[in-house]
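The points are grouped by topic.

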Amino acid sequence: MDKFFKLKESGTTVSREIMAGLTTFFAMSYILFVNPSILSQTGMKYQAVFLATIISAVIGTLIMGLFANVPYAQAPGMGLNAFFTFTVVFGLGYSWQEALAMVFICGMINILITVTKIRKLIIKAIPESLQHAIGGGIGVFIAYVGIKNAGLLKFTSDPGTYTVLGKGADKGKATIEATSSAVPGLVNFTSPAVLVAILGIVITAVLVVRNVKGAILISIVSTTVLAIIFGVVDLGTIDFKANSLGSAMNDLGQTFGAAFSHKGMGALFSDSEKIPQVLMTILAFSLSDTFDTIGTFIGTGRRSGIFSEEDEKSLENGSGFSSKMDKALFADATATSIGAIFGTSNTTTYVESAAGIGAGGRTGLTSVVTAICFLLSSVFLPFISIVPSAATAPVLIIVGVMMLASFKEIDWTDLEVAIPAFFASIFMGIAYSISYGIAAGFIFFTVVKLAKGKANEISPVIWVVNVLFIINFVILAMM
Ligand SMILES: Nc1nc2[nH]cnc2c(=O)[nH]1
């Protein structure tokens, strides 16, 4: 084991890796419930998406651990599952089978741009200050996810400034998209779940400040115990029958391979008038997926030393899979198409992996542990559902804070640096999108360089990415 995962060389131990793997799993286990509830609104069966989510997470995370030997976990991403449901299916009117076919193609494009080194080229073209900004920005993003999951925020929307998306408005179950006048605010601390989350933040902060070994996992477990004591989690409602594996397997027949059916790939390219829009939608999927992954690796890998300087050099100069980053990018690229075959939107490297990395995870053994947990969750789902978001949200907030350290590398007094850095970091969190944060960072990098008469500092790759993102924004606005 030590030899295979290079534990000693990476300065870690089996027990630390196991703790880290469990931590990452608990930090991202919410996706097991949230992904099916979002995608099933399109007509896909809940249990089918549930199994597809587990299968794609297990396969993607195992490839990451066994092939790339890095402590990252994969699962269907939260940004693109919403894009799949609310934009592609509800907004543009594609069937979920067609949307799955687009996700499959996006996965193949991911593999293509990875093996042809285009993704490496993009990473190399990102200026250093923007790389640090993206790193800190991922911290803002993950802390914001934590703050939202902890229930600390409410959003108030004025009458008439929202759109009802999806079905179930009559049952009060529709998704509401509020426009810019939705104002965020702090909730009143009346809900027991919020109070437990706040206690969880205090526990996590105390444990990490005191350098307690296993702080993050201890925090999740102790906050879960508090949640049970405060009645946030009701052990009496654990339903062992409702989540049986047998019925889920049956339902998987609905989504497995649907991307290639006549309702999927067949329908997608049957109408030649629709093809430009289909291609643009695939581009939107691909841009988001690619930059999300790049941001996650840069943001979490640099500071923790998972991708060392040597590794980066070999990424720049080596060929084939000579560096860890090469292998990790490939592992990420393969998972999306696999997920689409089983029935889920884009599978991506999770920013929550930072929680396990924060707990000391340094090698692929962490990922293997996370993958095993995902596998077991198909049987033990009722037990996993005991851990409430009030117990995992504090971890995301504190890990986000840890990641802000990258900001110290940025010269915030120099506006030429600070303006693009702001968009690639703070704006990334506020817009709740890693890839659009990076897009805005690139665009404003170009604006300030042009304004300073330094067009020669803008690489051709940045120009191409700018143009693709602008086309993407314009087309999405017109759709
Ligand atoms: N990187 C990343 N992490 C996530 N965690 C939850 N959703 C996402 C996502 O879309 N991207």
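How far is a nitrogen atom of the ligand from an N or O atom in the side chain of Asp-292? In this predicted model, the distance is 2.6 Å. The briefing starts with the ligand, then turns to one helix, the aromatic pairs and a single threonine.

**Ligand site**
- A ligand nitrogen atom also lies 2.8 Å from a polar side-chain atom of Glu-352.
- The backbone contributes too: a polar backbone atom of Met-78 is 2.9 Å from a nitrogen atom of the ligand.
- The protein buries 94% of the 280 Å² that the ligand exposes when taken alone.
- Residues around the ligand include Tyr-30, Gly-77, Gly-79, Thr-296, Tyr-350 and Ile-434.

**Helix 19**
- Helix 19 spans residues 415–430 and has a kink of about 40°, centred on Phe-422.
- At its start, a side-chain oxygen of Asp-414 comes within 3.1 Å of the backbone nitrogen of Glu-416.
- Glu-416 is itself one of the buried residues of helix 19, as are Pro-420, Phe-423 and Met-428.
- Helix 8 (128–149) and helix 20 (434–451) are among the elements that cover these buried residues.
- Tyr-432 follows helix 19 and has a positive phi, near 60°.

**Aromatic pairs**
- The whole structure holds 22 aromatic pairs.
- One of them is Tyr-72 with Phe-307, stacked at 6.0 Å centre to centre with 10° between the planes.
- Tyr-72 sits in the loop between helix 4 (46–67) and strand 1 (74–76), and Phe-307 in the loop between helix 13 (275–304) and helix 14 (309–317), so this pair ties together parts 235 residues apart in sequence.
- Both Tyr-72 and Phe-307 are buried.
- Phe-423 and Phe-444 are stacked because their ring centres lie 4.1 Å apart and their planes meet at 10°.
- That pair links helix 19, which holds Phe-423, to helix 20, which holds Phe-444, across 21 residues.
- Phe-423 counts as buried at 17% relative accessibility, whereas Phe-444 counts as partly exposed at 29%.
- Phe-291, Tyr-436, Phe-442, Phe-469 and Phe-473 make up one aromatic cluster.

**Thr-114**
- Thr-114 belongs to helix 6 (residues 96–115).
- Why does Thr-114 count as buried? Its relative accessibility is 6%, and buried means under 20%.
- A polar atom of the Thr-114 side chain lies 2.5 Å from the backbone oxygen of Asn-110.
- Beyond its neighbours within four places in sequence, Thr-114 is in contact with Arg-119, Leu-329, Phe-330 and Ala-333.

Notes. Residues numbered from 1 in each chain as written. Predicted model: local features only at pLDDT ≥ 70, side-chain atom pairs only at ≥ 80, totals over all residues. Heavy atoms only, no water. Bend = angle between axes of the 7 residues up to and from the residue. Helix = DSSP H or I, 4+ residues; strand = E, 2+ residues; numbered from the N terminus. Buried < 20%, exposed > 50% of the residue type's maximum accessible area, 1.4 Å probe, protein only. Contact = heavy atoms within 4.5 Å. Polar contact = N/O pair within 3.5 Å; in protein donor to acceptor, adjacent residues only side chain to side chain. Near = heavy atom within 4 Å. Areas by Shrake-Rupley, 256 points an atom, 1.4 Å probe, with all protein chains shown as cover. Phe/Tyr/Trp six-rings, centres within 6.5 Å; stacked < 30°, edge-to-face > 60°.
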